Amino acid sequence: MISFKEALKKVLDYKQDFGTEQIPLKMAMGRVLAEEVIADRDFPPFNRATKDGIAINYDSIATGQTTFKIEGILPAGVAPTLLSNTEQAIEIMTGAVVPDNADTVVMYEHLVIENGWATLIQNPTKGQDIHPKGSDRKSGETVLQKNTKITASEIGVLASVGKSTVLVKRLPRVAIISTGNELVEVGEQPLSHQIRKSNIHTLFGALSQEGIVPKEFHLVDEKEVIKEELANILYNFEVVLLSGGVSKGKYDFIPDVLEELGVDKVFHRVLQRPGKPFWFGKQPTIGTLVFSFPGNPASTFANYQVYFKNWLRSSLNLPNPKITVILEEGIPVKGDLTLLLRVRLKCADGRLLVSQVKENGSGDLTSLALTDGFIVLDPVKEFYEAGESVSFVPTKPLW
Ligand code: AMP
Ligand code: MG
């Protein structure tokens, strides 16, 4: 059996580039940019008023002038104009182009306006309340780097440079497969000896967060049926995630079938808990990667988060940040297994603190809902002290 560290390293050795595709901006959330994005014009593209008020030329103040005749109004969205007289003012709205012969904006709150005249009630500074043309980025400069994960903030930048379509990393075609005769559909009423499928829905949800819409399958615990259906699935998908059927039970046919279908085993079983019977391999001729997770919900979930997610991020050229958190309480580690422990996260006084979630083994599905992530405790010592910093794999967003 290999160690957790070795297993993760081996999985990452199989990172794969799935190419790129052009998609509509509206579909780009959560995807990874495959192009450098360049400013097509200056940011902002003109000297932009940042307050509602008047635009004036500061030189007139320097001569002692405090009252200005208002010569008109400049709303946002109007082509540039000039002050007809630099001793006068023009009312200007946020987002409007400041006239080239004005250099200062004074907001209404610092003015008294009466009968077409504006009087300053506070001394302005030259250039105030103008967002100068090109001061954020110049035309031609990079606004987004390649390999950036697109979040709402990147969407706004993409929109403002006119990217109605975006070149992103293509995502793999993924199949998710539940196994087991005891499983029924969510909408069904299970008999007393049955349970509803949950892993496949957890995986579906987790993958959809990555922008992947997987296809779902179910395999009954019959070797020949599994073999026939899996052969097809291997052929039609680039990555296959299975849950269940990889342990030592009499009906755990998956490892044998995978090998019979020519999937090369990279490893089976890892020195870790939960998720020890994890099987990982690749079909060399078709190229399909197989992540076969044990069926207990915490095992499937932990292995997905640790192995698949790291693999996907590496494949997409995203960094896998090493996150550490501080233990609120001491934790013993007995035996030779790396523990992936369910924890709750607390951000306090600028520190990330974790405490263990009360759980009832790898079959305890409800504890996962209380879990913010897993801490990884290697069996290099028998006790991790309170206050120690340990590696953390988040499973929920912070917000
Ligand atoms: P297995 O790995 O097939 O031996 O399954 C281990 C345990 O996980 C069994 O109690 C299964 O009933 C349960 N299990 C397997 N697949 C799922 C699933 N998709 N959803 C919920 N529980 C499952
Ligand atoms: Mg099973």
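This tour visits the domains, then the ligand site, then a cavity.

This is a predicted model, in which local features need pLDDT of at least 70, side-chain atom pairs count only at pLDDT 80 or more, and totals for chains, interfaces and linings use all residues. Residues are numbered from 1 along each chain as its sequence is written, chains are lettered from A and ligands numbered from 1 in the order written, and side-chain values use heavy atoms, without hydrogens or water.

**Domains**

Colour the protein chain by domain, with bounds from an automatic or database assignment. Domain 1 covers 2-18 + 171-315, and domain 2 covers 21-43 + 142-169. Domain 3 is 48-131, and domain 4 is 323-394. Now select domains 3 and 4: their C-alpha centres lie 59 Å apart.

**Ligand 1**

Centre on ligand 1. Show the 16 residues around ligand 1 (a heavy atom within 4 Å). E182, S198, N199, G245 and G295 come nearest. The shell has three nonpolar, ten polar and three charged residues; Gly counts as polar here.

A backbone N or O of G295 is 2.7 Å from a ligand 1 oxygen. For G245, a polar backbone atom lies 2.9 Å from an oxygen of ligand 1. N296 places a backbone N or O atom 3.2 Å from a ligand oxygen. Ligand 1 alone exposes 480 Å², and the protein buries 78% of that (Shrake-Rupley method, 1.4 Å probe).

**The cavity**

Which residues line the largest cavity? Select G30, K149, E210, L312, R313, L316 and L318. This lining divides into three nonpolar, one polar and three charged residues. The space inside is about 30 Å³. On the 1 Å grid, a cavity is where a 1.4 Å probe fits but cannot get out, and lining residues have an atom within 4 Å of a point.

Conventions. A polar contact is a pair of N or O atoms within 3.5 Å; within protein, one must be able to donate a hydrogen and the other to accept it, and residues adjacent in sequence count only if both atoms are side-chain atoms. On a 1 Å grid over the protein atoms alone, a cavity is a set of points where a 1.4 Å probe fits but cannot get out, and a pocket is an open set with protein on both sides within 12 Å along at least five of seven lines; lining residues have an atom within 4 Å of a point. Grid points are joined across faces, edges and corners, and a volume is the space filled by probe spheres set on the points.
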